[in-house]
Structures are given as structure tokens and as C-alpha cells.
Amino acid sequence: NTVDLYNAKVLRATEGMLFHQNFVKANLKDIIPRLKKIGYKIYGTDVNEGKNLKSLDFTEKNGIIIGNEGRGMNKELSTLCDELINIKIAPSCESLNASIAASIIMYEMSK
């Protein structure tokens, strides 16, 4: 709830790709069970408990929940996920920016 999907800066940053993607704006607690019923596998990010992103096969339809940079993902939402994932980073790094993490995950899923 921090920025509108059609905010002018968001539109410029996506360079028009925003209009070639499917977006659903809904309460995650409501939409996740509906997505699972139609065959989506839901992944959530967890820097401590998640499986290494590189070890997974993303051949199914997928959904991703990206946690807050400071607090991580809501614990209630994590129970709705099929699998928790993380990105292995150098031990000297504290964390990744949420948008950078999302980009890396989406890149790996698209391979």
C-alpha cells in the first residue's frame, strides 16, 4: 500500500511493460487459495528458512510474495506459501533491496 501501480514514476520505470503483464490487486489472504485452486504454486521469500533459489524448478505456474526489506514476509502469509525461497548472498552482505530480490527471482523463474 505504498505506491499506486499506475503512478507516473512506476509507468516510466516499466517503459510500457506494465501494460503487457497481468496484475491482480486483492487481499493476498483471499487470492492465494484461489490461485492454488487453478494450479499456481506460491513461493514466499525467507532469508533464514527458504530453499536456495537456484535449486528449484519453476516449470509450473508461479506466484511470488516478496517480503519487506526490514521485517521480511508476514508470518500469516508464509503459512499460505507452498515453498519458501531465498537468494544466497555473500556472508558480508546484510540483505538485498526488495525490488532487486524480486528481479533476481523473476529472472530465475523465466529461464
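Guide: Let's start with a definition: buried means under 20% relative accessible area, exposed means over 50%, and partly exposed lies in between (1.4 Å probe, protein chains only). This is a predicted model, where local features need pLDDT of at least 70 and side-chain atom pairs count only at pLDDT 80 or more, while totals for chains, interfaces and linings use all residues. Residues are numbered from 1 along each chain as its sequence is written, and side-chain values use heavy atoms, leaving out hydrogens and water.

Visitor: How many salt bridges does the structure hold?

Guide: A salt bridge is a side-chain nitrogen of Lys or Arg within 4 Å of a carboxyl oxygen of Asp or Glu. In this structure, the number of salt bridges is 6.

Visitor: Which residue forms a salt bridge with Glu76?

Guide: The closest N and O atoms of the pair are 3.3 Å apart. The two partners sit 47 residues apart, Glu76 in helix H3 (residues 75-78) and the other in helix H2 (residues 28-37); helices are DSSP runs of H or I, at least four residues, numbered from the N terminus. Glu76 counts as partly exposed because its relative accessibility is 46%. Its partner is Lys29.

Visitor: Is Glu108 buried or exposed?

Guide: The side chain of Glu108 meets that of Lys111 in a salt bridge, 3.4 Å from N to O. Lys111 has a relative accessible area of 62%, so Lys111 is exposed. Glu108 has a relative accessible area of 12%, which means that Glu108 is buried.

Notes: Helix = DSSP H or I, 4+ residues; strand = E, 2+ residues; numbered from the N terminus.
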